Amino acid sequence: MGSVCFVSQVATKELLLRVSRVCGECYESFKEGEVIHYDMQSYRYLCQGCQEKLCEKMNALCEVEEEVGEGLFR
Ligand SMILES: [Zn+2]
């Protein structure tokens, strides 16, 4: 899923040397070759799963709407 709120890129070895090597949300380590997503609102990198979850909670302005209350925190 693409989103204007994120910059998606493949985690090359060079990239992983420059950025935080773990997901800013679940703290999973990124693997080389994995697609990672830079969250331009929070200035952190996210893994695919967390990016998708965050995307669902974001409105058109890339703001996380916390008052959804529909069990999205699973
Ligand atoms: Zn994650």
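What percentage of the 74 residues in the protein is buried? Buried residues make up 16% of them, where a residue is buried if 20 or more other C-beta atoms lie within 10 Å of its own, exposed if 12 or fewer, and partly exposed in between, with C-beta atoms placed from the backbone. The model is a predicted one, in which local features need pLDDT of at least 70 and side-chain atom pairs count only at pLDDT 80 or more, while totals for chains, interfaces and linings use all residues. Residues are numbered from 1 along each chain as its sequence is written.

**View 1. The protein as a whole follows the pattern β-α-β-β-α along its sequence.** There are 2 helices and 3 strands, these being DSSP runs numbered from the N terminus (helices are H or I, at least four residues; strands are E, at least two). Among contacts between residues at least 6 apart in sequence, 36% join residues at least 24 apart, two residues being in contact if their C-beta atoms, placed from the backbone, lie within 7 Å.

**View 2. An open sheet of 3 strands is arranged in the order β1-β2-β3, with antiparallel pairing.** Because β1 (6-10) and β3 (44-46) stand at the edges with a single partner strand each, one side of each is left without a neighbour in the sheet. From one strand to the next, the twist averages 30°; axes here are lines fitted to C-alpha atoms, for helices over the stretch in contact, and angles run from 0 to 180 degrees between N-to-C directions. Two strands count as paired if DSSP finds at least two bridges between them, and β1 is joined to β2 (residues 35-39) by 5 bridges. Strands of a sheet pair through backbone hydrogen bonds, either parallel or antiparallel.

**View 3. The hairpin of β2 and β3 has 4 residues between the strands.** The two strands pair in the antiparallel sense over 3 bridges, and Asp 39 stands opposite Arg 44 in β3. Tyr 43, which lies in the loop between β2 and β3, has a phi near 55°, a positive value in a residue other than glycine. Tyr 43 is exposed, because its C-beta atom has 8 others within 10 Å. Most residues other than glycine have a negative phi, and most peptide bonds are trans.

**View 4. Helix α2 (residues 48-57) lies across β1, β2 and β3.** The helix runs at about 100° to β3. Its buried residues are Cys 50, Gln 51 and Leu 54; they cover an arc of only 100° around the axis, which puts them on the same side of α2, the arc being that of the directions from the helix axis to the C-beta atoms. These buried residues of α2 pack against β1, β2 and β3.

**View 5. The largest nonpolar core has 7 residues, namely Cys 23, Ile 36, Tyr 45, Leu 46, Cys 47, Cys 50 and Leu 54.** A nonpolar core is a set of buried Ala, Val, Leu, Ile, Met, Phe, Trp, Tyr and Cys residues joined through C-beta atoms within 7 Å. The elements that give two or more residues to this core are β3 and α2. Leaving aside neighbours within four places in sequence, Tyr 45 is in contact with Val 19, Ser 20, Cys 23, Gly 24, Ile 36, His 37 and Tyr 38.

**View 6. The loop between α1 and β2 includes Gly 24, along with Val 22 and Tyr 27.** Gly 24 counts as partly exposed, because 17 C-beta neighbours lie inside 10 Å. Not counting residues up to four places away in sequence, Gly 24 touches Asp 39, Ser 42, Arg 44, Tyr 45 and Leu 46; Gly 24 and Tyr 38, 14 residues apart in sequence, are 9.6 Å apart in space, C-alpha to C-alpha. Val 22 is likewise partly exposed, with 14 other C-beta atoms within 10 Å, and, with residues up to four places away in sequence again left out, Val 22 touches Tyr 27, Glu 28, Ser 29 and Phe 30. The C-alpha atoms of Val 22 and Ile 36 are separated by 9.9 Å. Tyr 27 has a positive phi near 65° and is exposed, with 10 other C-beta atoms within 10 Å.
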